Amino acid sequence: MASTVLVGTQWGDEGKGKITDLIASKYDYVVRYQGGNNAGHTVVHGNTKLALHLMPSGVMYEHAVPVIGNGVVIDPGALVKEMALLEAEGVSCKNLKISCNAHIIMPYHKDLDGADEKVLGKNSIGTTKRGIGPCYQDKAARKGIRVQDLMDEKIFRLKVETALAQKNPILEKIYGIHTYTVDEIMEEYLPYATILKPYMAETTQLLNEALRSGKNILFEGAQATMLDIDHGTYPYVTSSSCGSGGAAIGTGVGPMAIEKVIGIMKAYTTRVGGGPFPTEQLFPENGGEGEMAQVGEKLCAVGHEYGVTTGRKRRCGWLDAVIGKYAVDVNGLTDIALTKLDVLSEFDTIKVCVAYEHEGKRYDYLPMQQSVLFHAKPVYEELPGWKGVDITGCRTFEELPENAQNYIRFVEDFVGAPITMISVAPERDCTIFRGWDR
């Protein structure tokens with residue numbers, strides 16, 4: 001078993017939670033390396049579905065050590081609440097390790113996040129307003145507050161005083177919203193320090209020592225490739241490195257230690273928030289008509305496409321294989337886990353985007369110009385479907401309908417990486433392993 005990065009290949013919500021949960025039992029450490037509680041994935045504990053936002057999926061296994069790496073931004077209140085929820089469900093958090101270098105989301109980060117979105121109006125990015133972006137801004141500006149600072153009351157107070165001297169005038173004079181006193185923040189945050197202190201660790205040293213002793217690590221990305229701050233559809237992205245390269249940055253483990261990169265790819269495409277989406281099938285309320293509206297509504301309804309974190313209805317569309325090919329290149333994918341194949345059982349024919357057209361030019365690759373991608377028209381390859389065939393009981397590739405097999409072969413040949421796992425229903429055991437060493 002190799003140390004592995006698990007990364008989304010689209011705009012998130014590809015089903016990383018299920019795949020992580022499915023394979024995490026084979027790893028000694030499961031590590032979150034970026035993002036914050038703007039992420040969300042669902043895991044199953046017994047008969048209960050649990051929504052995780054900060055906690056790595058390895059918490060579900062007693063033998064595994066769940067690690068929150070230095071690249072994550074932590075809302076301590078959200079983390080403490082999530083830990084309490086897990087403990088109440090009988091899931092122990094005793095093995096959790098939190099990087100002392102991870103940055104902390106402060107109350108003013110959340111206020112600034114919401115205020116920025118309000119000012120942008122129709123041009124808003126569609127953030128979760130949980131303070132993720134402003135926290136990363138402070139980190140980049142070398143003005144952030146880290147977990148280790150929270151553990152030293154004197155240092156924490158000094159840093160809060162320094163931060164509020166800058167943030168309060170912005171909150172009051174630019175946005176016209178409430179400000180904070182140092183004592184208010186100290187009163188709220190110091191109890192979190194007491195709760196979290198036993199879990200704080202030098203995680204970079206911990207993980208590298210684990211590798212030297214022959215342990216296996218699963219690096220668990222949040223969000224996805226097309227939301228990456230460098231390689232996504234900027235500015236409609238998150239504020240961190242979601243791709244496989246972020247695993248090294250967000251943990252302090254060298255890239256040569258990573259032997260496998262698994263991309264999670266939904267059998268169709270979704271995204272939330274603003275930004276370009278060439279294959280989107282618009283809902284009626286967004287101007288969709290006829291077949292387009294019908295496809296969009298069906299994908300949303302059958303696929304239960306509502307955000308784990310936000311509850312928002314996701315935008316839906318056909319699979320964009322151009323983006324899939326891009327994700328293979330950017331992440332160096334060695335494997336693809338294809339999810340929600342069963343949703344496509346609702347269609348007579350299935351479309352796959354293989355190129356874009358804009359002003360008479362064909363793009364067989366992802367154009368970097370934002371204006372081109374916003375107005376690009378998808379070029380589709382239409383494949384015969386397997387409408388009405390229930391594939392949820394299939395456990396081998398050969399049991400799938402021939403047209404489903406052909407669809408999978410078409411996608412993997414086009415994007416350039418093998419599809420070695422196929423999810424045919426939400427449950428953990430409803431997965432086909434194809435050439436995958438379990």
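Predicted model: local features only at pLDDT ≥ 70, side-chain atom pairs only at ≥ 80, totals over all residues.
Trainee: What makes the contact between E285 and K313 a salt bridge?

Mentor: Their side chains meet at 3.0 Å, N to O, and the cut-off is within 4 Å. E285 lies in the loop between β12 and α10, and K313 in the loop between α10 and β13, so the pair ties together parts 28 residues apart in sequence.

Trainee: Why is R315 called buried?

Mentor: Buried means under 20% relative accessible area, and R315 has 15% relative accessibility, so R315 counts as buried.

Trainee: Which residue forms a salt bridge with R315?

Mentor: That is E280, with the closest N and O atoms 2.9 Å apart. R315 sits in strand β13 and E280 in the loop between β12 and α10, 35 residues apart. E280 is buried too, because its relative accessible area is 13%, against a limit of under 20%.

Trainee: And E412 with R434: are these buried or partly exposed?

Mentor: E412 has 12% relative accessibility, so E412 counts as buried. R434 has 21%, so R434 is partly exposed. They form a salt bridge, with the closest N and O atoms 2.9 Å apart. E412 is in helix α13 and R434 in the segment after β20.

Trainee: How many salt bridges does the count come to?

Mentor: The count comes to 18. D13, K266, E305, R314 and K340 are linked in a network of them.

How values were computed:
Residues numbered from 1 in each chain as written. Heavy atoms only, no water. Helix = DSSP H or I, 4+ residues; strand = E, 2+ residues; numbered from the N terminus. Buried < 20%, exposed > 50% of the residue type's maximum accessible area, 1.4 Å probe, protein only.
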